[in-house]
Every structure is written in structure tokens, then in C-alpha cells.
Amino acid sequence: MTTDTLALSVQNLSVTVRRPGGRYPAVRGVDFTLARSSTLGLVGESGSGKSLTALAVAGLLADNLVPAGSARFHGEELIGMPEARRRALSGSRIGFVFQEPMSALHPVLPIGVQLTEGLRAHTSLTRAQRHGRAQELLELVGLTKTRDILGNRIGQLSGGMRQRVMIAMAISCEPDLLIADEPTTALDVTLQKQVIELLGGLQERLGLSLLLITHDLGVVAQTCENVAVMYAGEIVERGRTDQIMREPGHVYTRALLDASPRIGDARRRLPSIATAAPWLRDTRELAGASGPAALREVSPQHWVREQDEREDAA
Amino acid sequence: MSALLEIDDVVKHFRIGPPLRKKTFPAVKGVSLRIEAGTSYGLVGESGSGKTTVARMVAHLTTPTSGRIRFDGRDVTGLRGRRLREFRQSVQMVFQDPYGALNPRMTVLELISEPWEIHGLHSRADRRRRATTLLDQVGLAASALERKPVEFSGGQRQRIMIARALALEPRLIVADEPVSALDVSVQAQVLNLMKDLQDELGLSYLFISHDLSVVEFVCDRIGVMLLGELVEEGAREELYRSPRTQYTRTLLDAIPSLPTATLAGNETGAE
């Protein structure tokens, strides 16, 4: 695949945590690509590095987290990009949806002010045009009484409405790439279903490329063509979602699939994951000189990390 | 079989709005259910359906506006003083957020011993021994005793919370979303633990969850709440196989499903 068909191309990306006692890599050797107008799910449990990977791409890492390697957005290198250029991209061509609207949005500023912030920064629209655009955006994400909502504070809306507002904000400048970090985790299942459908619909209608970060394989199965599974800061498997769901190649992917109870399954006990993610801080030597194991292509476009004996035994 | 817990038409109204203006919100509008000894009852519903309020009334953390709650055949609705303290020994609660529910300044020994202190049970030396046994039951080493919650992962903290809930040897555990803050692998371990403890100790659970697949795994009987009312109730197999209400069907349909692959554990777990 040539680079001009790629919205995002990540190569050997790492994120190193600097702390008073030393440093350790929280993400390392991460490779994946996201084709234009396609969807990729980045899946893993707490501490797997999925959010750090997304934050590194979005340039939102805290000061003690140092990214290295490469992440190209339509060919342009994002890692180490000058701040001014980054600001020009963020919010305009790269949109971000956070997990918790309550903490990501300002509690006191009216929604209209927050929703038009990107438009003020990145477009030359007049105040009236921005207001009109804001109403369109709210309609686009399925909200009604949009005039009222623009004057509301975030606390006056329900959880589902808040997440819709955040999605509206993320797509306000018609970005090419939308990064959504656990956008449905805080929602009830029925709302989750609506938000998943909304994201899928927007992705198709606007031709967005979507990078979805989640711990929920079910959500990935509903939303993403491709999936990359992260474990302990590395990708252990990636490929087409349907294929990986049917024939997981890595023990960890398999364990993740098996660990969730499902409706109608008759199991008395759930298999526990022997390979539960280590605290990277405690296993720094694990991440020492020997970099991550290579990924092997087990079938076309299906990559699985070489497994050491310990993992095979698990 | 006589019921361990019987809730009869409980109603809870919360005062809302500015003080003195008597505006109320009906969070629970007349719920009745019963839990047999040694069984698990799952209460599912979305945010705001009133399931947590029901749980809190059962644990006597809030008082019903009207209705009756009977525990082991005795009316416990208006209990106060010594009687209430006695009742509290039989019903313990496990909360959703193990980060928020454990005092960060207390050691695990202090956390587990606190219920004994409140109820004036056991000597100092005895407490340490008993706490060690409890930790063992929930799969933690005795070395945890002197450590503080910050040193543990989410799953370990939930184990500590369960050990603390078991300290008074309760007969009913009210668990309010006990696994929803946990990763699936850790969730699996905590769910297995809760089932094991039930088999070992003959516990009953009132298990509150928004997750129908988790509830199916743990519970014998399930009630579905919507806007303060119990809209459907039934035995596990019956409710999942043939839901009677549209709302239950909607909830079941909303679960993002995984393509069916063969599940590990099916072969070993079916015995």
C-alpha cells in the first residue's frame, strides 16, 4: 500500500516514561497503518499502552512521557513536530473524542462557546456562521432542540448527549482522522449502541479515518474493519477484525475473547488469563536490551507476534 | 423454601430542588422481589433505573419512603440501634469503585478489622489471624496485611473489599456493580471468586449490574429495572431465552456481540 492512501502510518513507535527513579518504555515497537476512510480498533486492557499510543499520535502526551519512532499523518511526521504546526493540525484535521465528557468539557462555559472553539481557531467563519455550523453539527450527531443545547452547560445534559456533543466538537472542522479513546465506556449499553452507530455513520458519510481505542472487543467487532491487539505496551496481533475474532493467533487475544462472559454460554467458570498484563514499572528488565519480538504474517494481512515458550505454556 | 430476603412494594422518593420546596423524585416506584438462601439475584438496568437505590435500601444505607423489607422472616424496615447493628452483620456491601471505597490511609489489616472494631468482635491477635484467613479466601497473601490500597491493582482492591465484606460472616452480600471498573481478565477472576465463595460459604447475593452477560454468569434469578420499576423478572434461562418485555429485548440486542468462536472453558467447564 503506498503512503498516499494511508491516513496514518505508525512505525516503531515508543513512549518512554521518565520518573524520578529512572525510565521505562510503556509503549514500544508499535507498527500499524490506517488506510484513508477506514477504521482500526486498538484493543487492550488497562496498562497495555493503547491510550498512550493514541495520545502520542495526537501529540497530547504529558511532559514526562517521551515519544520516539515515527507516526505519519498523510505522509507528514507527527512525532517531534513543531508546536505551531501541531496546533494547526489538532482540532482541524485530527479530531479527538475522550472517554469522559464530564471531565473533558468545561463545566461552566456554555456548550456553544466550546463547540465553536475549533471553528474560531481554524476557520474564518463569522460569529453567525459559526453559530449556524454549531447547530448543524448538533443535528448531525442526532440531537434536537439544538438552540437550547448551545446555551446549556455540560452538566445539564445526559451522558449520551454529552458524548454526542463531544463527537460534534471533534468533527467540527471536518477532520480527516478521528481518534476516539474509549468513547462509549462510560455509557449504558443502549446508549453505547447509539454512539457506535453514530460513529460508524459519520465515518461513512464524511469519509473519516477512525482510530478507535477500546478495551471492548465487542465494540471493535461492531465498528472496525481492522484491529490491533496490545499487551504490555506492544502489539501482539493485528489484522482484519473478522478473521482475528474467528481465529485468534496469539494466546493473549484468545484469552481476551474467552474471558468475557457471553449471553447463552454455559460455562461454570471463566478462564483466567495466565498472561495478565504485568506492571511495566516492575518488569523493566523485561523491556531491556532485547526489544519486542517480531510479528509474523500467519496469513495475508494477519500478523501475530512470535510467542516465547512461557506464553505458549500459559 | 423460605426467602432470605423479601422486599415488598418498596418506594423511594428523593427530595430534589431547593430546600423547603417539597419537590420529590420517585427513584423506586414499588419494587417487590425475594431472594432464596444460597442463591444469587441479579438486578439489571441502565443508569437512573433505581437499581442502586434498591441495593442501598436492602443494605440499610437509605430508608424506604414506604414498603417493607424482611430479612430471614423478620421485618427489618425500621430497625434502629442495637437491632440495626445486629442486622448489619448479616448484610454486607461490595461497592463498584475499589479505588474510592477503601480508605487510602488504612492498611489492609485495618480495613478488614474495621467491621470487627465497630461491632466489638475478636481480640487483637485474633483479628490478625482471621484477616489472614480472609485474605487467603480471596486469593491474597498474608504479606498484604501491612500494605495500603495504593499498592494494589484494581482487581486486588476488589478482593480486599470482598474480604472486608466477608469479615462479619454475612449471609447476604449486596454487590453494586462489583466488576464494572475492572478489565475483562480481572473481571473473570473476581466473578469466579464470588461464585467459589458462594459455594463454600452458602452466601446469597444481590448483584447489581448494567451488564446482562455478567449477570447471566453469576445469577440464578434476574430482575430488569426501568425508571424505578421492575419491568420483568424470571429465572435465568427463561429470561434470556424468551424475554417477555420489549425493554429486555432491547437491552439484550444492544450488547455488542462477538462472532461465535469456540470458547475455551466450555469443554472443561461443563461438568
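In what order do the 8 strands of the open sheet in chain A run? I looked that up before anything else, keeping in mind that this is a predicted model. The order is 6-7-8-3-9-10-12-11, and the pairing is mixed.

**Entry: the sheet in chain A**

I went to the edges next. Strand 6 (94-97) and strand 11 (295-299) of chain A are the edge strands, each pairing on one side only. From one strand to the next I get an average twist of 20 degrees. A reminder to myself: strands of a sheet pair through backbone hydrogen bonds, either parallel or antiparallel.

Strand 11 of chain A pairs with strand 12 (residues 302-305) of chain A over 4 bridges, in the antiparallel sense. Which residue of strand 12 of chain A stands opposite A:Glu297? I found A:Trp303 there.

Helix 8 (residues 159-170) of chain A lies across strand 6 and strand 7 (177-181) of chain A. Against strand 6 of chain A, helix 8 runs at about 170 degrees.

**Entry: chain A as a whole**

I counted elements: chain A has 13 helices and 12 strands. Its C-alpha trace spans about 65 × 50 × 40 Å along the principal axes. Is that chain compact or drawn out? A compact globule of 314 residues would have a radius of gyration near 20 Å, and chain A has 20 Å, so the two agree.

I also noted that buried residues make up 46% of the 314 residues in chain A. Of the contacts in chain A with a separation of 6 or more, 67% are between residues 24 or more positions apart.

The mean pLDDT of chain A is 87, and 90% of its residues reach 70 or more. Where pLDDT is low, the predicted coordinates should not be read in detail.

**Entry: A:Pro248**

A:Pro248 is in the loop between helix 11 (241-246) and helix 12 (251-259) of chain A. Buried or exposed, I wondered, is A:Pro248? It has 23 C-beta neighbours inside 10 Å, and 20 or more is the cut-off, so A:Pro248 counts as buried.

Leaving out residues up to four places away in sequence, A:Pro248 touches A:Glu237, A:Thr253, A:Arg254 and A:Leu257. I also took a distance to A:Val30: the C-alpha atoms of A:Pro248 and A:Val30 are 19 Å apart, and the two residues are 218 apart in sequence.

**Entry: strand 9 of chain B**

Over to chain B. Strand 9 (residues 221-226) of chain B is mostly covered, with 5 of its 6 residues buried. I checked what strand 9 pairs with. Strand 3 (residues 40-44) of chain B runs parallel to strand 9 and is joined to it by 4 bridges; B:Leu43 stands opposite B:Gly223. Strand 10 (residues 229-235) of chain B runs antiparallel to strand 9, with 6 bridges between them. In that pair B:Leu226 has B:Glu229 as its bridge partner.

The hairpin of strands 9 and 10 of chain B has 2 residues between the strands, and B:Leu227 takes a positive phi near 50 degrees.

**Entry: the antiparallel sheet in chain B**

I found an open sheet of 4 strands in chain B, in the order 2-1-4-5, with antiparallel pairing. Its edge strands are strand 2 (23-36) and strand 5 (74-75) of chain B. Strand 1 (residues 3-16) and strand 4 (residues 66-71) of chain B are joined by 5 bridges, and B:Leu5 has B:Phe71 as its bridge partner. Helix 1 (residues 51-58) of chain B lies across strands 1, 2 and 4 of chain B, at about 120 degrees to strand 1.

**Entry: where the chains touch**

How many residues does each chain bring to the contact? I get 32 from chain B and 39 from chain A. On the chain B side, helix 7 (184-201), helix 8 (212-218), helix 10 (246-254) and helix 11 (266-269) each supply at least two residues. Helix 7 of chain B gives the largest share, 6 residues. By type, the chain B side divides into 18 nonpolar, 11 polar and 3 charged residues.

Methods. Residues numbered from 1 in each chain as written. Chains lettered and ligands numbered in written order. Predicted model: local features only at pLDDT ≥ 70, side-chain atom pairs only at ≥ 80, totals over all residues. Contact = placed C-beta atoms within 7 Å. Nonpolar A, V, L, I, M, F, W, Y, C, P; charged D, E, K, R; others polar. Pairing = 2+ DSSP bridges. Axes fitted to C-alpha atoms, helices over the stretch in contact; angles between N-to-C directions. Buried ≥ 20, exposed ≤ 12 C-beta atoms within 10 Å, placed from the backbone. Rg over C-alpha atoms; globule rule 2.2 N^0.38 Å. pLDDT = per-residue confidence, 0-100.
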